[in-house]
Structure formats: structure tokens, C-alpha cells
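Here is a quick tour for anyone who would rather look at side chains than at a cartoon. Have the viewer open and follow along.

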Amino acid sequence: MYAVIESGGKQHKVEVGQVLEVDLMQEESGSDHAFENVMLYVDGDNVHIGQPFIENAKVVAQIVE
């Protein structure tokens, strides 16, 4: 399972358990952040493609230092 999200004008492929470095996050370490600009979501044989984003989709990540 993976997704492609947009953050800060850049596209990132993300997977469960991955650590992703993004610029200029304002949240504190340990808090959650929802990336709502999800462009692609793949779960096995199920592929969801946004135009440009998937409606009502989000990727929730925990902020670490």
C-alpha cells in the first residue's frame, strides 16, 4: 500500500512506517498532521487516481524531529 501526496509544491511517494522529510512544518513533534492533497492511492490491485486530487482522501502522519 502506498500513496502519492503533494506537500510544499512537491510530490512524495509515501508508505506505512516511512519517515519523510518535508519543509516548513509548523506542528510540534509527536502531533499528527493530515496531508489532504492525495494524488494517487494504491492498495494491492485497487488503484485510485485523483484529478488532480482524490476527493475526501487524506494521509495522516505523526510529526517527528
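By class, how many nonpolar, polar and charged residues are in the lining of the largest pocket? The lining has 19 nonpolar residues, along with three polar and four charged ones. Keep in mind throughout that this is a predicted model.

## The largest pocket

Let's start with the space itself. The largest pocket holds about 690 Å³. It is lined by 26 residues, and those closest to its centre are Gln18, Leu20, Phe35, Ala61 and Gln62.

Which strand gives the most to this lining? That would be β6, with four residues. Strands β1 (2-7), β2 (10-15), β4 (38-43) and β6 (59-62) each put in at least two. Leu20, one of the residues closest to the pocket centre, belongs to the loop between β2 and β3. Leu20 counts as partly exposed because its relative accessibility is 31%, between the 20% and 50% cut-offs.

## Charges and rings

Now for the charged side chains. As a general point, side chains of opposite charge can pair when their charged atoms come close. The structure has one salt bridge, and the partners are Asp23 and Lys10, with 3.3 Å from N to O. Asp23 is in the loop between β2 and β3 (32-35) while Lys10 is in strand β2, so the pair ties together parts that are 13 residues apart in sequence.

Are the two partners buried or exposed? Asp23 counts as exposed, at 51% relative accessibility, just past the line, because exposed means over 50%. Lys10 is partly exposed, with a relative accessible area of 44%.

Another lysine does something else: the charged end of Lys13 sits over the ring of Tyr2, 4.3 Å from the ring centre. As for rings with rings, the count of aromatic pairs is zero.

## The loop between β5 and β6

Two backbone features are worth a click here. Pro52 is found in the loop between β5 (46-49) and β6, and the peptide bond leading from Gln51 to Pro52 is cis, with omega near 5°.

Asn56 also has its place in the loop between β5 and β6. What is its phi? The value is near 65°, which is positive in a residue other than glycine. Asn56 counts as exposed, with 76% relative accessibility, because the cut-off for exposed is over 50%.

## Sequence distance and space

Finally, here are some pairs for the distance tool, each taken from C-alpha to C-alpha. Ile5 lies in strand β1 and is buried, at a relative accessible area of 1%.

Where does Ile63 lie? Look in the segment after β6. Ile63 has a relative accessible area of 12% and is buried, because buried means under 20%. Ile63 and Gln26 are 37 residues apart in sequence and 9.7 Å apart in space.

Back to Leu20 for a last pair: Leu20 and Ile54 are 34 residues apart in sequence, and their C-alpha atoms are 21 Å apart in space.

Technical notes: Residues numbered from 1 in each chain as written. Predicted model: local features only at pLDDT ≥ 70, side-chain atom pairs only at ≥ 80, totals over all residues. Heavy atoms only, no water. 1 Å grid on protein atoms, 1.4 Å probe; cavity = no way out; pocket = protein on both sides within 12 Å on 5 of 7 lines; lining within 4 Å. Points joined across faces, edges and corners; volume = space filled by probe spheres on them. Nonpolar A, V, L, I, M, F, W, Y, C, P; charged D, E, K, R; others polar. Phe/Tyr/Trp six-rings, centres within 6.5 Å; stacked < 30°, edge-to-face > 60°. Lys NZ or Arg CZ within 6 Å of the ring centre and 35° of its normal. Salt bridge = Lys/Arg side-chain N within 4 Å of Asp/Glu carboxyl O. Buried < 20%, exposed > 50% of the residue type's maximum accessible area, 1.4 Å probe, protein only.
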